[in-house]
Amino acid sequence: MNKKIPLALLSAALLSVTVAGCNPAEKAPQKIDQESSAQMTALDIREAPEGKLPQGVKPSAYHLDLTLDPRKDTFSGRVAIDIQLDQAGNHIWLHGKNLSVTKATAQLADGREVQASYREVLDSGVATVEFSEQLPAGSFTLQMDYAADFDRNLAGLFKVEEQGNAYALAKSESIQARKYLPGFDEPGLKAPFSISLTVPEGYAAISNGPELKRETVPGGMEKVTFATTPPMSTYLLSLSVGPFDVVERAAIPPSKYRKDPIPLRGFARQGRGGDMNYILDITPKMVETFENQLQRPYPFKKLDIIAAPQWPSGATELSAAITYREQRILVGDNPAPGARLALVEVHAHEIAHMWFGNQVTPPWWDDLWLKEGFATWGEPLALRIMEPEGGHDLNAATYAIGAMQLDSLASTRAIREPVSDNNNIRNAYDSITYSKSLGVINMVDNYFGAEKFRPALGRYLEAFNGGEADSPSFYKVIGKETNTPELTETFRSFVEQKGVPQLELALDCSIPAQAKLHVTQSRYKPLGSPIATTAQQWSIPFCFSSDSGTQQCQILTGKEETLELAAGSCPSWVMPNAQGSGYYRWNLPEPQWQALTERFTQFAPTEQLSIIDSAFAAFEAGKLPAPRLLDVVRQSAKADKRQVITMPLRYLRKYRDNYLDDAERLAFLNFAQNLYLPLLSNSASSEDADQQMLHSALLGFMALVAEDPDTRNQLMEKATAFTGFNTERDPQTLNSDLYEAALTVAIQDAGEDFLTHLIKVRTELDDPRFENASANAIGSSNSPKQIETIQKLALSEQMGPRESFAMIRYALAQPLVQEQHWAWLRNNFVQVVDKIPAQIRRHTPAFANAFCDKKQLDELQQLFAQHGKLTPGYQRSLAQTEERIQLCMALQEKGQSLMEALPKSVALANK
Ligand SMILES: [Zn+2]
C-alpha cells in the first residue's frame with residue numbers, strides 16, 4: 001500500500017530532480033516534462049510509490065547495451081525492457097535516478113510504436129513513463145536511450161582511479177541500479193538480462209553472463225556481448241570495466257549434483273592479479289561443499305571473483321561475478337591468520353548467496369534475512385566441513401552473542417519488519433538481520449536436528465528455484481517438510497519479534513527427590529532501558545544440563561514453566577544453555593552462579609561463551625554483583641579457546657573508557673597484566689593460527705586499553721621499523737593483523753613527526769590493508785597539535801570515502817581530542833556527508849557512539865534536527881545512538897562499582 005505524500009514534500013522532491021545543479025544528466029527530463037505536459041495533468045504524482053511499486057506491471061526481459069569508458073565522466077546507452085501489463089493504462093511507475101533519458105518509445109505487440117516520456121518524481125529514484133495513448137493490457141517493449149554521470153561515491157555505476165588507472169564498477173544493492181538503469185529496481189521483479197558493453201579496446205569487461213563475443217568497433221573500442229542470464233534482480237547486476245589483471249583458473253570440475261564444469265576467473269586491478277591465489281585456490285572446494293550440503297548444483301554458468309579497488313561494503317554477491325573490496329581478498333599467498341579467517345568467512349558467505357538470494361530471492365527488503373541470515377549461517381556450515389579444527393562454531397556463537405548487544409536496545413529492529421519507505425531499506429542491513437538470524441537458524445538446526453532441517457532447506461530452494469519466496473512461504477515449507485509445526489512457531493516468534501529473551505531460573509529442591517526448575521521468560525532489559533515490561537513471549541528451544549550429566553530439552557512457550565529434573569536429586573549446578581546454541585540470556589540466584597563459575601573450565605567453549613554473556617548481561621541489569629562478574633572474567637582467561645578468552649575484552653574496554661577513575665588506572669593495569677601477560681608470552685611464538693590471533697588481540701588490548709607500557713613499546717618499535725621511521729624499512733616486522741594496533745600506538749607515542757611520515761608511507765605502499773589500518777590509526781591520534789591536519793586529511797582526495805568515515809569515527813572516540821573533533825564535525829557536517837560513501841551516510845549518528853554524557857547527547861540531537869535531511873534514513877541510527885548514550889549514562893554507578901572492585905594492588909603473576 002502506498003502512503004499519500006504531502007504536497008509540500010512532493011514539490012520539494014520534484015524540484016530537486018528537475019532543478020538541482022548543473023548536471024547535464026538532469027536537464028533532459030525537464031525537457032520531456034514540457035513536451036508532455038498534456039499527459040502530466042492526467043497523472044496524479046501523489047500516487048508515486050514511496051516503497052514497493054504497484055502490482056500489475058512486470059518486466060519479463062531486459063536488453064541492455066551500454067558504452068562504458070571509465071576514463072570519461074559519463075556513460076550512455078539503451079535499454080529495451082519487455083513488460084507485461086495486467087491492465088490497460090497510460091503510464092507506469094518504475095525506477096530511475098539522475099538519468100538523462102533522451103528518447104522513450106513503446107513497441108506494442110501489434111508492431112505499432114507509441115511515444116513515451118520519462119520523468120523522475122521522487123528523490124529516492126521513483127520515476128514514471130507516460131504514454132501518448134492508452135496501452136492495452138498485454139506485453140510491450142519499452143525502449144529508452146539515456147546517459148548519466150559515473151557516480152563518485154561508490155553508489156550505482158561508479159568510477160574510481162587507482163595508481164593512474166580508471167575503473168568502472170556497479171554497486172547496485174539495495175536500490176542503486178536505478179542510477180544507471182531505468183527499470184524495475186526491486187528484488188522480486190526478476191527478469192533475464194541480455195547485456196552488451198562497449199569498452200576501450202583491451203579492457204576487461206565483466207558481467208553476470210559468460211562473455212560470448214568481442215568485436216572491434218570504431219573509436220578504439222570493443223563491443224563485448226554476454227550470454228543471457230537466468231531471471232535475476234537488478235541489485236545483483238555486475239558491470240565492471242577496466243584494465244584489470246585477469247587470472248584464468250582451471251574450471252571447477254563437475255560434481256555429484258552438476259554435470260558441467262564451471263569456468264573460474266579472478267580479476268584485480270593492474271599488477272595485483274598475483275595476490276588472488278588464496279581465494280581462487282579455495283573456491284572449487286567451497287562451491288562443492290555447498291553443493292553437497294544443500295544437495296543442489298551451483299546455479300550459474302561461470303564464476304568470476306573480482307577485487308574492486310574500492311567498494312562500499314566488504315563484498316557483494318553479484319550473480320556469478322562476486323565482487324570484494326580488494327583488501328578483503330588481495331592477501332598474497334601467505335595471509336596473516338586474522339586476514340585469512342576474514343577471507344574464508346566472507347567468501348563462504350558470498351558463495352552461499354548464489355543459492356540464498358540469487359537463486360531464491362526475497363521479494364522485498366523486509367525479508368532480507370532469508371538471504372543475509374542464511375548466507376551468514378552458510379559460513380560455519382561450509383567452514384566446519386572444510387576446516388574441522390577451525391573454531392567456526394565458536395565464531396558463529398560469538399557473532400550471535402554480538403547481535404544481542406543491539407537486540408537489547410528498545411530501538412532495535414525485528415529480523416523481519418515492514419519496510420514501507422525506500423529510505424529505510426538500508427537500515428535492515430544490521431547485525432539483527434545477519435547475526436541474530438544466524439543465531440536463530442543455528443538454534444533451530446541444533447535443536448530439531450541437522451538431518452531434519454537441512455534437507456528441508458534444500459527442498460525449500462528447490463520449490464522456489466529461480467523465483468521469489470517470502471517468510472510465510474519459508475515457514476510453510478519448513479514446517480511441512482520437517483513435519484514439525486513447533487519449528488514454524490519458533491522461527492516466527494524469533495524472526496518477527498524484537499529483543500533477546502531473558503530466562504530467570506530458580507532451582508526448587510524442597511523435595512530433593514523431585515527437584516524442579518522454575519523458568520520465567522521476559523524480554524531482556526539493561527539498567528535505564530526504556531523497554532516496557534510487556535507480556536512478550538517466545539517459543540524457545542530450551543536445553544539445560546546439570547551434574548547428572550544428562551541434557552534436558554523442551555520448548556518453552558508459557559510465561560512461566562516448571563520442569564521436573566530427570567535426575568531425581570538436587571543437582572549441585574545447572575547450565576541453562578546446554579551447548580550454548582540458544583538465542584537467549586539467563587540468570588540464576590547467586591549461589592548457582594558461583595557453582596557455575598567454579599566449574600567454568602569444564603564446560604564446552606560455546607557454553608562458556610553463554611556464561612560470559614549472561615554474566616555481563618545480568619550485571620548490566622543490576623542483578624549480579626561486581627565481584628561475581630570479575631570471577632567470571634578471571635575464569636575466562638583460563639579457557640582454551642581464543643573466542644572465550646577475548647569475549648570480555650569489549651566490555652572491559654567500555655568500562656575502562658567510561659567508568660575508570662584515574663586512581664584506579666593502576667588497578668586496571670594490574671588486573672589485565674595478571675590475566676593476559678602470561679597468555680601473551682605463551683602464544684608469542686606459536687605456530688597455531690588461533691594462538692596467533694589470540695596474541696594479536698591481546699597485544700591490542702594490553703597496548704590500547706590497559707596501556708601496558710612494555711606492550712606499547714613493543715608495538716611502537718614494530719610500527720616504526722615496518723614503516724621505516726628514522727630507520728631502514730623492514731617489511732617483516734609486522735603482519736597485517738597488527739597494522740592497526742601498532743600504527744595506533746606509534747601515532748600516539750612515536751612523536752609528532754610520525755603522522756607526516758605515515759601519511760607519506762601510505763602513498764608509497766600499495767597495500768590495501770595498510771591503507772585501511774593506517775587511516776584508522778591516524779584517526780586515533782590524541783595530540784591536540786595534530787587535530788587540524790587530521791581534519792583536513794579526512795576531507796581530502798588522499799582519503800577514500802570509506803577511510804574518511806572510519807577516520808572520523810576513530811577521532812571521535814579519542815577522549816583527549818574528542819571535544820574539538822566533535823565541534824569540527826558539527827561545523828563541517830555538510831562536507832563530511834559529501835565525502836563519505838552514499839551507502840553509509842545514514843550511519844552518521846553513530847559517529848557519537850563513544851559518547852556518554854547529556855551535553856553531547858543534546859548536541860547530537862540538534863545536529864540531526866538541523867541536518868538530518870542530508871542523510872535520509874538516519875532516524876534508526878540516531879535512535880540507537882541516543883539510546884546507547886543514555887544506557888551508558890545509566891550504567892555509571894554500576895560501572896564504577898566494577899572498576900572499584902578491581903583488586904587494589906596485586907603482584908605480577910608471571911611477567
Ligand atoms: Zn550477504
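Modeller: Start with Ile-540. Opposite Ile-540 stands Leu-556, a residue of E23. Keep in mind that this is a predicted model. Ile-540 belongs to strand E22, which covers residues 540-546. E22 and E23 run antiparallel to each other, and six bridges join them.

Now widen the view. E22 sits in an open sheet of three strands, in the order E23-E22-E25. The pairing in this sheet is antiparallel. Strand E23 (551-556) and strand E25 (574-575) are the edges, and each of them pairs on one side only. In general, strands of a sheet pair through backbone hydrogen bonds, either parallel or antiparallel.

Compare another strand pair. Strand E8 spans residues 156-162, and strand E9 spans residues 165-171. They pair in the antiparallel sense too, over seven bridges. E8 and E9 make a hairpin, with two residues between them. Gln-163 lies in that turn and has a positive phi of about 50 degrees. E8 is mostly covered, with six of its seven residues buried.

Next, the metal. His-349 (NE2), His-353 (NE2) and Glu-372 (OE) coordinate the zinc ion, at 2.0 to 2.1 Å. Along the chain, these donors follow the spacing H-x3-H-x18-E. Both histidines, His-349 and His-353, lie in helix H6 (residues 337-353). Four residues separate them, which is about one turn of the helix. Are these histidines buried or exposed? His-349 has 6% relative accessibility, so it counts as buried, the cut-off being under 20%. His-353 is buried as well, because its relative accessible area is 0%.

Finish with two helices. Two packed helices are described by the angle between their axes and the distance between the axes. Helix H21 (residues 739-749) packs against helix H22 (residues 753-764) at an angle of about 140 degrees. Their axes are 7 Å apart. An angle over 145 degrees would count as roughly antiparallel, so H21 and H22 are oblique to each other. Their crossing is left-handed. Which residues meet there? H21 brings Leu-743, Ala-746 and Ile-747. On the H22 side, they meet Phe-754, Leu-755 and Leu-758.

How values were computed: Residues numbered from 1 in each chain as written. Predicted model: local features only at pLDDT ≥ 70, side-chain atom pairs only at ≥ 80, totals over all residues. Heavy atoms only, no water. Donors = N, O, S within 2.8 Å, 3.2 Å for Na, K, Ca; no water. Buried < 20%, exposed > 50% of the residue type's maximum accessible area, 1.4 Å probe, protein only. Pairing = 2+ DSSP bridges. Axes fitted to C-alpha atoms, helices over the stretch in contact; angles between N-to-C directions. Parallel < 35°, antiparallel > 145°, perpendicular 65-115°, else oblique. Left-handed = near helix turned anticlockwise from the far one by under 90°. Contact = heavy atoms within 4.5 Å.
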